[in-house]
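My entries follow in the order I made them.

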Amino acid sequence: MAQTAMTVRLDSIQKAKFDQLCEQFGMSANTAINVFVRTVIRNRCIPFTIAADNEESIRENATKAFSDMRREAMLRPGAEMTLEEINAEIDAVRDVKRGKQ
């Protein structure tokens, strides 16, 4: 499948926080955005609501939302990306960060 780049403008502080949270989720920001886009397309709606009174609740809700999207993607026939493929992408990013390319 051909791929294309997408540019998103973010406040630098938001970007850093997003990258940090994605790392805690065990994925890159790129993987997180791809999971989100595939879910929006598949469900034809924004797939989750995150609301909380404190930062810890936000983190728990976000982790659950990503886990739910991954689980749902595995249950659908013809899913564009399997959990194994997502994990392989995560491992590749970690290898790059470690300088193993």
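**Disulfides.** I looked for disulfides first, taking one to be a pair of cysteine sulfur atoms within 2.5 Å. I got a count of zero. My classes are buried for under 20% relative accessible area, exposed for over 50%, and partly exposed in between, with a 1.4 Å probe and protein chains only. Cys 22 is buried, at 1% relative accessibility. Cys 45 is partly exposed, at 38%.

**What I am reading.** This is a predicted model, in which local features need pLDDT of at least 70, side-chain atom pairs count only at pLDDT 80 or more, and totals for chains, interfaces and linings use all residues. Residues are numbered from 1 along each chain as its sequence is written, and side-chain values use heavy atoms, with hydrogens and water left out.

**Overall layout.** Along the sequence I read the pattern α-α-α-α. The protein has 101 residues, and 19% of them count as buried. Its accessible surface is about 7800 Å², by the Shrake-Rupley method with a 1.4 Å probe; for residues, only the protein chains shown count as cover. Carbon and sulfur atoms hold 52% of that surface.

I also looked at contacts, meaning heavy atoms within 4.5 Å. I took the contacts between residues at least 6 apart in sequence; 50% of these join residues at least 24 apart.

**Thr 31.** Is Thr 31 buried or exposed? I find Thr 31 in helix α2, residues 29–43. Thr 31 is buried, because its relative accessible area is 1%. I set aside neighbours within four places in sequence, and Thr 31 then contacts Ile 86 and Glu 89.

**Thr 39.** Thr 39 is also in helix α2. With a relative accessible area of 2%, Thr 39 is buried. Its side chain reaches the backbone oxygen of Val 35 at 2.9 Å. Beyond the neighbours within four places in sequence, I list Arg 44, Cys 45, Pro 47 and Met 69 as contacts of Thr 39.

**Salt bridges.** Side chains of opposite charge can pair when their charged atoms come close. My rule is a side-chain nitrogen of Lys or Arg within 4 Å of a carboxyl oxygen of Asp or Glu. I found four salt bridges in the structure, and I noted the following among them.

- Lys 97 and Glu 23 meet at 3.6 Å, N to O. This pair links distant parts of the chain, with Lys 97 in helix α4 (residues 83–98) and Glu 23 in helix α1, 74 residues apart. Both Lys 97 and Glu 23 are exposed.
- Lys 64 and Asp 68 meet at 2.6 Å, N to O. They are four residues apart in helix α3 (residues 55–75), so about one helical turn separates them. Lys 64 is exposed at 51%, while Asp 68 is partly exposed at 28%.
- Arg 98 pairs with Asp 95, the closest N and O atoms being 3.5 Å apart. Both lie in helix α4, three residues apart, about one turn of the helix. Arg 98 is exposed at 55%, and Asp 95 is partly exposed at 28%.

**Surface patch.** Which residues form a nonpolar patch on the surface? I list Met 6, Val 8, Leu 10, Ile 33, Val 37 and Ile 41, with about 540 Å² of accessible area together. Patch residues have over 30% relative accessible area and no salt bridge; like charges are joined within 9 Å, and nonpolar side chains (Val, Leu, Ile, Met, Phe, Trp, Tyr) within 5 Å. I placed Val 8 in the segment before α1 (12–25). Val 8 is partly exposed, at 47% relative accessible area.

Conventions:
Helices (H or I, at least four residues) and strands (E, at least two) are DSSP runs, numbered from the N terminus. A polar contact is a pair of N or O atoms within 3.5 Å; within protein, one must be able to donate a hydrogen and the other to accept it, and residues adjacent in sequence count only if both atoms are side-chain atoms.
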